Amino acid sequence: MTGDHSTGAPQYQVAAVRRALAEDERTAEQGIKVTVRGDTILLSGDVECARRRDEIAEVVHEVVPAMRIYNDIKVTEAGEPTGREEFR
Amino acid sequence: MIRIAAIGDVHLSKDTGGRFRPALRTLDEHADALLLAGDLTRHGTVEEAKVVAAEFGSLSVPVVAVLGNHDYHSNRSAEVTEVLADAGISVLEGQSAIVPVDGRKVGIAGVKGFGGGFAGKCASAFGEPEIKAFVEHTEVAAAKLRGALEAMDCDVRIALTHYSPVSDTLRGEPPEIYPFLGCYQLGEAIDSCDTALAIHGHAHYGTEQGFTPGGVRVRNVAHPIIRAAYAIYCIE
């Protein structure tokens, strides 16, 4: 999984980034969507804190250093639920 | 009315400890039990398990959990289970827990489960030893769930897994990865035992609601799906 994947088919770039996010101990994330458009890589999904969002961008940058990163990952809310479901 | 709170895929580590605790302080006003549907930690370390214990231990209602694939990552699942158990959290892997609610016995049978895929598009125990071992893990998990569901002496049965028992609640995930998100054998076990509700996690891009082929309600409570500290399901 090492090496610069900034060039090559977008399918292989997505594969390299997704595997790095899951297998790198700094991230261990399997739930991030990775989309490649030209020289831009779009990251989306949900994580548990802003620091993890930044760590993901760091790892992605190491895998595809020449690509522009749009980091649209959100931090999931953890408040009380606003409703409940009743089974009848 | 039996009120079940549930949440999965909280992926706690020391950088996120305390996130859920404020919302859990009033849990007993809303629910009679809390189910944790696996992936409680990020890397499955003992240190992370201690964060989970602090987050979900000593609550005002019984807490029942299964582990997820992340909780196995560091090969410390036994110690993770022990840390959670010491905090009063029942961790199920082929076992069950009975929670009394208003004179009724609510039985929760739990197992991590595994992938394998769904009817007609699933792995078979054929060929190399690696694929046979994969399918065997699936079948052992489903057999453990069935055994735990059957053995419970209770009024209401709930199945708790990390992997999904149905494909319904995976809608939104790429179909190519369904075999890594769940298996039909868990659904078959749930359908064999007059189950009232099945709770799972693991599928961050799936959907909350589904049914087994036998008509049992299934709910995906992965945190990115329910977007709150827990979801509440009420059974009459």
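What is the handedness of the crossing in which α3(B) passes α4(B)? The views below take this up along with other packing details. The model is predicted: local features need pLDDT of at least 70, side-chain atom pairs count only at pLDDT 80 or more, and totals for chains, interfaces and linings use all residues. Residues are numbered from 1 along each chain as its sequence is written, chains are lettered from A and ligands numbered from 1 in the order in which they are written, and side-chain values use heavy atoms, leaving out hydrogens and water.

**View 1. Helices α3 and α4 of chain B cross in a right-handed way.** Helices here are DSSP runs (H or I, at least four residues), numbered from the N terminus, with strands being E runs of at least two. The axes of α3 (residues 46-56) and α4 (residues 77-86) of chain B come within 9 Å and cross at roughly 25 degrees. Axes are lines fitted to C-alpha atoms, for helices over the stretch in contact, with angles from 0 to 180 degrees between N-to-C directions. That makes α3(B) roughly parallel to α4(B) (under 35 degrees is roughly parallel, over 145 roughly antiparallel, 65 to 115 roughly perpendicular, and the rest oblique). A crossing is right-handed if the near helix is turned clockwise from the far one by less than a right angle, and left-handed if anticlockwise. Val46(B), Ala49(B), Lys50(B), Val52(B) and Ala53(B) of α3(B) make the contact with Glu79(B), Val80(B), Val83(B) and Leu84(B) of α4(B), contact meaning heavy atoms within 4.5 Å. By class, there are seven nonpolar, no polar and two charged residues; Ala, Val, Leu, Ile, Met, Phe, Trp, Tyr, Cys and Pro count as nonpolar, Asp, Glu, Lys and Arg as charged, and the others, Gly among them, as polar.

**View 2. Helices α5 and α6 of chain B pack at about 15 degrees.** Their axes, for residues 129-151 and residues 184-191, are 9 Å apart, and α5(B) and α6(B) are therefore roughly parallel to each other. This crossing is right-handed too. Residues of α5(B) that meet α6(B) include Thr138(B), Glu139(B) and Arg146(B), while Gln185(B) and Glu188(B) are among those on the α6(B) side. The contact of α5(B) with α6(B) divides into seven nonpolar, two polar and three charged residues.

**View 3. In chain A, helices α1 and α2 cross at roughly 135 degrees.** Here the axes of α1 (residues 10-23) and α2 (residues 50-63) come within 10 Å, and the two helices are therefore oblique to each other. Their crossing is right-handed. Ala16(A), Val17(A), Ala20(A) and Leu21(A) of α1(A) make the contact with Ile56(A), Val59(A), Val60(A) and Val63(A) of α2(A). These residues divide into eight nonpolar, no polar and no charged.

**View 4. Glu23(A) forms a salt bridge with Arg19(A).** The closest N and O atoms are 2.8 Å apart, where a salt bridge is a side-chain nitrogen of Lys or Arg within 4 Å of a carboxyl oxygen of Asp or Glu. Both residues lie in helix α1 of chain A, four residues apart, about one turn of the helix.

View 5. Arg19(B), Arg42(B) and Tyr205(B) supply 22% of the area that chain B buries against chain A, more than any other three residues. Six salt bridges link the chains; Arg219(B) forms a salt bridge with Glu85(A), the closest N and O atoms being 2.7 Å apart.

Conventions: Buried area is the accessible area (1.4 Å probe) that two parts lose on being put together, summed over both.
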